[in-house]
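Open the model in your viewer and keep the selection tool at hand. We will go from the whole chain down to single residues.

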Amino acid sequence: MAYQKVEIEFNGQTLTMETGKMARQADGAVVITYGETKVLCTVVSARKMREGQGFFPLTVNYQEKFYAGGKIPGSFFRRERGTTERETLICRLIDRPMRPLFPKGYMFETQIMPTVISADMINDPDTIAMVAASAAVAISDIPFEGPIAAVRVGRVDGKLIANPTLEQMELSDVEIVVSGSKEAVMMVEGESNFFSEAEMLDAIFFGHESLQPLIDAQTELAKLVGLEKREFIVAETDAVLEAKVTELAEANVKVAAKIQTKQERSAALGDNRTAVKEALAEEFEGREEEIKAILGSIEKRVIRQMVAKDRIRIDGRDMSTVRPITCEIGVLPRSHGSALFTRGETQALVAATLGTKVDEQRMDNVQGMEFKKFMLHYNFPPFCVGETSMRLFPGRREIGHGMLAERSAAQILPKHEDFPYTIRIVSDVLESNGSSSMASVCGASLALMDAGVPVKEAISGIAMGLIKEGDDVAVLSDILGDEDHLGDMDFKVTGSAEGITALQMDIKISGVTKEIMTQALDQAKEGRIHILGEMAKAIDAPRADLSKYAPRITSIRVKTDQVRTVIGAGGKNVRGVIEATGCAIDIQDDGTIHIASSDGEAAKLAIKMIRDLIQEAEVGKLYDGTVRKIMEFGAFVEIFPGTDGLVHISELDKERVRAVTDVLSEGDKVLVKCIGIDKQGKIKLSRKEALGQKMSEGE
């Protein structure tokens, strides 16, 4: 492939797309440079399809090379190992809008590999990788109904910005990634600081308008390369077989589709499939996969028409009704906060745990070391859908759902300076029939309040769906799993009555207008408010006190020049406090010290020991000291930890003292009075002036 290059100006920076220089044996390879950030993306698609392949085997493997940022990995092996959470989330961002654009029937194994090879710490490479993935497929001979592009949208001082720098994002009150084609929005994911529905729509369509130059650049590069798309054969459905399956199955599908309980409905549909296969087994031997595909198409068509045309949902609800909700809190006695949230046949057990700085999660990535103080982990065990599986660790889906819930809840947390805890939430999905990530959001809000975390307000989440058949459009609130699978849009929205904290939208068709999205957002708000009302019946404000099992964190401040004293040589002083009290101690450079312990008396002792370390001598004050060293001219007495003063031999007694050892020995306890502090900070003490006196309670 000959070298080709396209260059455009995008938001004040030069963006270049190149092909024909790197990775030339891939079916498609593009390098995008934006600032000093570079992403190489390759795509390869197999020429032969696996026998019996029934789905499109697309994999996206995004990777950030540490050398891109001039770093060496912090792992033991000093090399990139596995996939980080951030990389997994970006893989999903790339996969979700691109997968629907490969033509129906194309089932050849395809691998897209975006790799960050240079990172300038100014421009986030994730949206660049999304564009590079589309460009690599667009210039190749792989069939593709793109290109698409993506931008991140931020807002600083009320002004929307496309692909803001990392520095600008620190000031932004919204962060959403918008991906789309020339004509339509394909995917949205992100968070906001309680944006209204109108503000969110403005941000989404601003993003769609902003990404158009990136689509035009890909189109131009594809024309320069000039490859024809490869042809492939899609097996045609046997009309005779389809008619016979329809005759045997359709009536029973219509009956089964109206069974409101998931397991009974699934069983009825399963029995119908089995009966049809058995009835046709002899006449159409060896064609079970074809029969299965036809049955799937019939079920999808019947249910979609039932919803869009007849306005009847699978479980009998109307379009906007939310399933019955029950909420319980405090269900786990030893957890710091817990909730059991049930909505229809979806249930999440959510626990909140409060920890200290040592519990923060260290994130080593190309941008640098980060420490997460808030984590939300989502688990989807196989039993929640009545299945068995050996997949015992979180996959990409679990990580993605957990991050959506984490973004949602993060917006309501107090500032870390005001509530200096590390917070971990775990959502274990116990039952699932759609919207388990939204159940996790609701459960997280309840568990945080049960734990006594002073959240700003409660939030809830709802999953919206869309079924569009011609001019018939149905926007569905609180969708079931089957409605998600058979629908044209999956739109999850979280927030309070005041605004949106996070959203995730995947659109499978191109005909979703701004009006339809407005209806979906408005309907979602109604559902969100209803769910909040049900949640408030369990708890409507954070508990006044933390769980007795949670650590108590007390914060004190010392002068910045006293931090070294508290730490001590090689950490000796702070280690002594920790060993004596069992408290966890976090010392900040600005002099803030957090003392954490579930034992109140231990925390008080730790505070006293720290204050003793930083005490400063006062002239005229009495001190109960310990003799640390005897010299010919006097004795050094420690008046508080780490601070000594000199009692000169002349200040030992009212009578003349011939030798210090006549009065004092090392280790003796002695009452002394501070009689002076010189310019160098040396403390002068007197035993003589303390004779006959007693320390008051405040000393």
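Of the contacts (heavy atoms within 4.5 Å) between residues at least 6 apart in sequence, 69% join residues at least 24 apart. This is a predicted model: local features need pLDDT of at least 70, side-chain atom pairs count only at pLDDT 80 or more, and totals for chains, interfaces and linings use all residues. Residues are numbered from 1 along each chain as its sequence is written, and side-chain values use heavy atoms, leaving out hydrogens and water.

Show the cartoon next. The protein has 15 helices and 30 strands (DSSP runs, numbered from the N terminus: helices are H or I, at least four residues; strands are E, at least two).

Now select the largest nonpolar core. A nonpolar core is a set of buried Ala, Val, Leu, Ile, Met, Phe, Trp, Tyr and Cys residues joined through side-chain atoms within 4.5 Å; buried means under 20% relative accessible area, with a 1.4 Å probe and protein chains only. This core holds 139 residues, and I176 and I423 touch the most other members. Helix α2 (residues 125–139) gives the largest share, 10 residues.

Zoom in on I176. Beyond its neighbours within four places in sequence, its contacts include V151, V188, M200 and L503. A second, separate core has 18 residues, among them Y623, V627, F640 and V670.

Finish at the barrel. Its 5 strands close in the order β26-β27-β28-β30-β29, with mixed pairing (strands pair if DSSP finds at least two bridges between them). Select β29 (residues 669–677) and β30 (residues 683–686): they run antiparallel, joined by 4 bridges. Here G676 stands opposite K684 in β30.

Methods:
Buried means under 20% relative accessible area, exposed over 50%, partly exposed in between (1.4 Å probe, protein chains only).
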